[in-house]
Protein chains: 2
Amino acid sequence: MQERTEIEKLGEFGLINHLTENFETFNASTILSIGDDAAVIDHYGKQTVVTTDLLVEGVHFDLMYTPLKHLGFKSVIVNLSDIYAMNAQPTQITMSLAFSNRFSLEALEEFYLGVQIACEQYGVDLIGGDTSTSQKGLVISVTALGEVVPDKFVKRSTAESGDLICVSGDLGAAFLGLTLMEREKKIFLENPQVQPTLENEDYIVGRLLKPAARKDIIDYLATQEIVPTAMMDISDGLSSDILHICKQSNLGCRIYEDKIPLNEATKAAAFKFGLDPTVCALNGGEDYELLFTMKQADYDKITLQEDISVIGYMCDQEEGTKIITKGNNVFDINAQGWNAFSK
Amino acid sequence: MQERTEIEKLGEFGLINHLTENFETFNASTILSIGDDAAVIDHYGKQTVVTTDLLVEGVHFDLMYTPLKHLGFKSVIVNLSDIYAMNAQPTQITMSLAFSNRFSLEALEEFYLGVQIACEQYGVDLIGGDTSTSQKGLVISVTALGEVVPDKFVKRSTAESGDLICVSGDLGAAFLGLTLMEREKKIFLENPQVQPTLENEDYIVGRLLKPAARKDIIDYLATQEIVPTAMMDISDGLSSDILHICKQSNLGCRIYEDKIPLNEATKAAAFKFGLDPTVCALNGGEDYELLFTMKQADYDKITLQEDISVIGYMCDQEEGTKIITKGNNVFDINAQGWNAFSK
């Protein structure tokens with residue numbers, strides 16, 4: 001970026017107006033948007049679904065290898081993913097930012113461009129937010145609202161014994177993208193002359209920096225008249241997240257290692273870093289794929305959908321939460337997902 | 001506080017569960033609360049109102065003189081105030097916190113106790129949130145939802161020429177409370193042996209640390225069948241906020257200095273600090289009183305309500321935005337409200 005405009009030139013109200021003036025409204029339910037004490041939504045005969053996520057610099061992202069446009073995009077996506085994981089459709093978001101004075105207006109414009117792309121791609125309206133200076137770093141707080149046909153939302157606590165466990169897409173790539181970026185950062189810090197080697201790593205880097213929220217899977221399940229018995233999105237890693245469904249449903253599970261979907265690029269990257277791709281899928285996180293359970297009777301409806309994998313089944317709580325490896329060994333599943341408080 | 005429990009002992013999910021386990025649900029509209037990807041709300045035949053506010057340490061509050069319980073309380077109140085300012089009733093909030101590792105579990109418990117008191121006092125449900133570590137300081141992000149009878153919400157842009165301008169309660173006290181606390185902090189930093197002298201300053205300190213959201217005024221207006229023509233809450237100061245209504249309604253205004261409501265304690269504190277109490281009321285902010293316009297025909301309905309003051313009237317845009325002083329001088333109203341970007 002060439003220019004640098006200081007934020008104080010605009011003031012708080014001018015800043016919000018400036019950053020959001022190109023945002024369109026897509027939903028008839030958005031009655032009143034930015035510019036008043038609050039926004040107003042009419043979800044007619046539907047129920048409103050609400051989720052919120054914080055993204056903190058140095059904890060959830062590193063600006064050294066996260067372009068601001070991607071960060072704006074991703075901060076919306078991670079919230080939409082939670083809405084889809086309720087079997088709902090996202091309709092509105094609020095976006096709040098606390099940033100230190102090292103951020104110029106041009107930097108914030110880049111961020112909001114990413115927000116706008118996500119909003120347009122998923123037909124979601126930005127209806128409010130707040131901005132402030134911070135003492136250090138960037139803190140992003142997004143709240144997303146969605147709508148669902150009354151009582152058609154899907155919780156984590158309603159899986160039943162015998163249900164099939166399914167995941168969308170493939171797992172582990174975002175973690176390997178992160179591993180790659182951290183390695184390149186380390187090399188760069190040791191020797192700033194070395195150019196990063198990201199050739200052939202488009203897939204894993206893209207999964208880290210440009211995640212998708214699986215609207216297509218929710219829409220597919222609806223066309224097939226499949227209502228998952230339980231569902232959540234995979235943000236902390238398959239291990240941690242399947243354990244949430246087991247715990248909240250008072251059940252156990254069996255997962256088959258050879259059924260866990262892995263992209264070829266993920267396997268290649270794991271090999272290069274000397275990591276086990278299954279461990280990356282189990283503990284990596286940030287995949288934003290959907291993890292759901294469904295009745296066995298629905299199995300025939302998904303056999304032609306290549307983007308849904310059946311990876312195991314739910315069983316009684318006394319049978320434990322176990323993974324069966326390719327070598328037919330049986331291990332307990334441990335939550336080693338990414339934990340914001342572990343350091 | 002005597003004990004100090006490190007947060008990592010609980011983990012993120014344990015932390016949220018621990019901090020929110022005593023929270024009750026007050027609203028039938030809260031279908032699903034904390035513990036899933038998202039919460040679910042059914043506002044039946046009503047419209048949903050949404051607002052969000054960030055509170056950042058060092059910008060919006062100073063922990064040196066803000067007890068965490070008061071901070072938790074206030075961070076809810078400032079959002080509820082925005083919901084009431086739409087002529088709506090708050091029903092749910094989400095609460096997200098980013099905090100550095102200097103915060104113990106006991107400190108967070110104090111904060112959530114304040115959140116809980118506010119929720120109970122106003123019958124609002126905590127339905128979600130997120131917690132994270134931060135690089136420095138405490139960042140609080142609250143989103144509040146409310147409900148309103150379809151199309152009965154009140155915007156800032158719908159005042160009409162000739163409407164009366166009203167404010168609830170009294171103004172300027174929170175700013176003087178802040179001035180006092182900043183002075184005591186300075187004295188303390190220069191000489192830690194000196195005890196703070198806060199006698200007889202309960203009112204102004206209380207207005208800073210324990211603000212009220214004016215549910216009572218919204219309820220009163222409803223019983224009197226008064227629908228304000230425009231409304232907002234006073235967070236940045238009367239000057240800045242009346243200019244929002246004027247600008248968004250394409251109108252001018254006349255405010256009478258002698259009609260601006262001031263508490264005796266506010267006048268006394270202003271005198272002590274050598275400040276003009278009117279200037280404190282105009283530019284101080286953080287009063288969280290309601291500023292609204294109404295038809296002249298409704299005047300008789302509020303004459304017995306001592307907590308509503310008529311301070312002027314709306315006029316055509318060409319007539320400008322002016323204040324008439326006690327000495328009958330006429331000045332332009334300038335927005336000198338608190339600005340998060342001014343430093």
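The tour starts with a whole chain and then moves to one strand and its partners.

This is a predicted model, in which local features need pLDDT of at least 70 and side-chain atom pairs count only at pLDDT 80 or more, while totals for chains, interfaces and linings use all residues. Residues are numbered from 1 along each chain as its sequence is written, and chains are lettered from A and ligands numbered from 1 in the order in which they are written.

Select chain A to begin. Chain A holds 10 helices and 13 strands (DSSP runs numbered from the N terminus: H or I of at least four residues for helices, E of at least two for strands). With a radius of gyration of 21 Å, close to the 20 Å from the globule rule for 343 residues, chain A is as compact as a globular protein of that length (the radius is taken over C-alpha atoms; the rule is 2.2 Å times the number of residues to the power 0.38). The C-alpha trace of chain A spans about 65 × 60 × 35 Å along its principal axes.

Next, select residues 47-56 of chain B, which form strand E3. All 10 of its 10 residues are buried (20 or more other C-beta atoms, placed from the backbone, within 10 Å of a residue's own). One side carries Gln47(B), Val49(B), Thr51(B), Asp53(B) and Leu55(B).

Strand E6 (residues 139-148) of chain B runs antiparallel to E3(B) over 10 bridges, with Val142(B) as the bridge partner of Asp53(B). From chain A, strand E2 (residues 39-41) joins E3(B) through three bridges, also antiparallel; look for Ile41(A) opposite Thr48(B).

Terms used. Buried ≥ 20, exposed ≤ 12 C-beta atoms within 10 Å, placed from the backbone. Pairing = 2+ DSSP bridges.
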